[in-house]
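Please work through each task before reading its solution.

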Amino acid sequence: MQNNRHIKQEEEPAPLFKKWGYWYALVIGFLAVLIIFFYFFTKYFS
Amino acid sequence: MSLPDWIVLVVTLLGIVAYGLNKSRTTRNLDGYFLSNRSMSWGLVLLSIIGTQASAVTFISAPGQAYTDGMRFVQYYFGLPLAMIVVCVVFVPIFSKLKVYTAYEYLENRFDGKTRMLVSFLFLLNRGLSTGISVFAPSLILSSLLEWNIYWTNIFMGGLLLIYTMSGGAKAVAHTQKLQLIIIFAGMFLSAYMIIHMLPAGVGFTDALHVSGKLNRLNVITTEVTKNGFNWSDQYNIFSGIIGGFFLSLSYFGADQSQVGRYLTAKSVAESRVGLLMNGLVKVPMQFAILLIGALLFTFYQFHKAPVFFNETQVAKIERSPLSDSFHIAQREYEDLSVKKNEKVVSFVDALHEGSEVNMAAKENELRQLQQQSDSIRKKVKTWIGSKQVGGDNNDTNYIFLRFVLDYLPAGLVGLLIAIIFLASWGSIAAAINSLASCTMIDFHRKYSKGIIEPEKEYTLSKKYTLLWGVFCIVVAMFTYNIGNSLIEAVNVLGSLFYGVILGVFIVAFLFKKIKNGSAVFWGAVFAELIVLFVFFLAKTNVIKLGFLWLNPIGVTCVILFSILFQGLFAKKINPTQ
């Protein structure tokens with residue numbers, strides 16, 4: 001194991017998108033869409 | 001079970017073992033055995049992560065949960081996607097850069113040896129016991145339903161997977177998980193299809209959803225905010241799901257070796273990240289789909305006679321008890337209500353097809369009243385079963401889906417569903433045993449060995465530790481049967497007792513760069529664990545009302561606060577003039 005005190009964050013390029021940030025936004029956005037969908041699903045069928 | 005079921009079961013299980021052995025070829029060193037030489041694609045990492053998290057209980061208990069309590073259990077997973085992002089940003093790059101075998105190696109580098117040992121020990125204790133229960137829980141269900149010997153079922157449940165786990169390590173575990181998940185999803189899809197297919201003519205999928213929804217089984221989003229404020233003791237609502245679920249998922253994916261060991265096998269940081277993020281995308285819909293099976297099953301039993309209690313072993317117990325007569329009266333009342341409900345639900349669906357709002361509202365109201373009466377009889381029976389006079393287990397959630405499988409599904413499909421229970425268990429147990437062996441080998445054996453051990457010797461020792469942990473888990477499963485079902489409930493919250501503290505140590509390591517004193521973090525973790533245990537004791541004895549998911553953020557917060565406090569105290573002790 002190497003020493004971690006001087007770890008340089010060599011960022012590997014993200015597949016499909018330009019940045020990893022877009023991946024994270026996709027995950028958060030999809031979760032938000034799911035919650036909204038579940039909310040209306042609950043409302044509609046109750 | 002019929003002969004075709006036995007054939008399907010035996011062929012599926014032996015097929016998986018043979019496939020695992022076929023994928024066992026790896027280099028004879030620790031890189032090959034525990035990390036599959038860091039060669040896995042994101043797809044395999046994703047399936048391995050899902051296979052590790054999803055146990056047999058995930059697939060058989062979740063539909064039962066939706067049947068009894070509705071679909072709100074899905075909220076438990078809302079924090080998971082957010083945790084995946086934090087793991088990708090913070091944990092993965094560091095673990096990957098340091099080329100660690102276990103997450104806990106990093107803690108020695110960051111703090112000191114004793115902090116690493118403490119956290120690794122907490123992991124071994126928690127994971128070792130909970131894996132034993134993971135062997136026992138599905139074995140108990142199968143032995144009750146099929147009248148199999150519990151000891152032999154434990155041995156087959158925990159023993160067969162050892163053949164490929166010991167032989168091929170992480171590589172065999174990942175490849176078998178891939179095949180297991182394909183079979184599991186195919187089987188669950190077939191069951192859902194059969195439930196809809198067996199509904200009466202003219203009742204379709206959306207009709208089934210309407211019936212289920214009107215009877216409060218499609219309650220996916222709940223807030224538990226009332227006039228009296230927020231209900232802190234409620235386990236599954238949107239707030240506990242996002243906050244508590246986030247901390248639980250973060251500790252599970254960031255600090256539990258059984259998951260860390262899966263994404264460390266990826267060939268690059270990018271492959272690890274994509275595997276984890278894809279898990280964040282698919283996990284919630286996957287759980288939603290499994291719970292939906294339970295909600296549909298609930299509708300199915302509105303048209304068919306449902307047992308008042310689904311575990312027949314416990315029914316036999318109450319029938320032998322002094323409460324037998326009362327039980328039979330309740331059972332008859334329940335059956336009568338079933339007939340009435342059947343008539344009402346048919347007229348409700350007719351009103352639904354006509355589109356008559358007034359008629360629909362009237363039928364819905366009648367149906368709800370009948371359901372309330374049914375629920376109250378079921379509640380009464382459950383209280384009787386749990387009473388001292390009967391001394392039984394009054395939770396039949398795990399039996400609801402399987403009772404349906406045995407009573408209604410055709411020959412062959414029953415065998416496949418029983419095989420799925422084994423496969424789902426094997427996926428999580430194999431990964432857990434592999435991680436227990438890696439921590440024992442790397443964090444303890446290698447650390448305390450004098451001199452350098454040959455790679456071939458380390459490889460052989462790792463296989464032995466895998467076997468030892470496998471045997472340990474089977475032994476725990478055997479003892480669990482002797483102790484009783486109360487232990488299962490205790491072990492369900494075991495994760496929350498330790499995960500918060502384990503995660504707290506990692507958060508201090510990653511985010512509190514000024515805290516460098518290992519002793520401060522070590523004692524911070526010890527005190528935090530004591531606080532968590534004390535809060536749990538207060539909740540258990542009803543002094544306070546608190547759902548177990550909240551123990552995770554409490555553990556994390558306590559470790560951070562105590563570490564900051566002790567860092568300050570120890571610094572003053574070293575240099576009292578400052």
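**Exercise 1.** Determine which side chain makes a polar contact with that of B:Ser48, and state whether B:Ser48 is buried or exposed.

*Solution.* Step 1: the side chains of B:Ser48 and B:Gln177 are joined by a polar contact of 2.5 Å. A polar contact is a pair of N or O atoms within 3.5 Å; within protein, one must be able to donate a hydrogen and the other to accept it, and residues adjacent in sequence count only if both atoms are side-chain atoms. Step 2: B:Ser48 lies in helix α3 of chain B, residues 42-53. Step 3: with a relative accessible area of 3%, B:Ser48 is buried. Here buried means under 20% relative accessible area, exposed over 50%, and partly exposed in between (1.4 Å probe, protein chains only). Step 4: setting aside neighbours within four places in sequence, B:Ser48 is in contact (heavy atoms within 4.5 Å) with B:Ala174, B:Gln177 and B:Arg262.

The model is predicted: local features need pLDDT of at least 70, side-chain atom pairs count only at pLDDT 80 or more, and totals for chains, interfaces and linings use all residues. Residues are numbered from 1 along each chain as its sequence is written, chains are lettered from A and ligands numbered from 1 in the order in which they are written, and side-chain values use heavy atoms, with hydrogens and water left out.

**Exercise 2.** Describe the surroundings of B:Arg368.

*Solution.* Step 1: B:Arg368 belongs to helix α15 of chain B, residues 357-386. Step 2: its relative accessible area is 33%, so B:Arg368 is partly exposed. Step 3: apart from neighbours within four places in sequence, B:Arg368 is in contact with A:Ser46, B:Lys214 and B:Leu215. Step 4: the B:Arg368 side chain reaches the backbone oxygen of B:Lys214 at 2.7 Å. Step 5: B:Asn216 is 152 residues from B:Arg368 in sequence, yet their C-alpha atoms are 9.2 Å apart.

**Exercise 3.** Characterise the interface of chain A and chain B.

*Solution.* Step 1: 31 residues of chain A are in contact with 40 residues of chain B. Step 2: the two chains bury about 3200 Å² between them, 72% of it on carbon and sulfur atoms. Buried area is the accessible area (1.4 Å probe) that two parts lose on being put together, summed over both. Step 3: across this interface, 3 residue pairs are in polar contact, both residues at pLDDT 80 or more.

Key: Helices (H or I, at least four residues) and strands (E, at least two) are DSSP runs, numbered from the N terminus.
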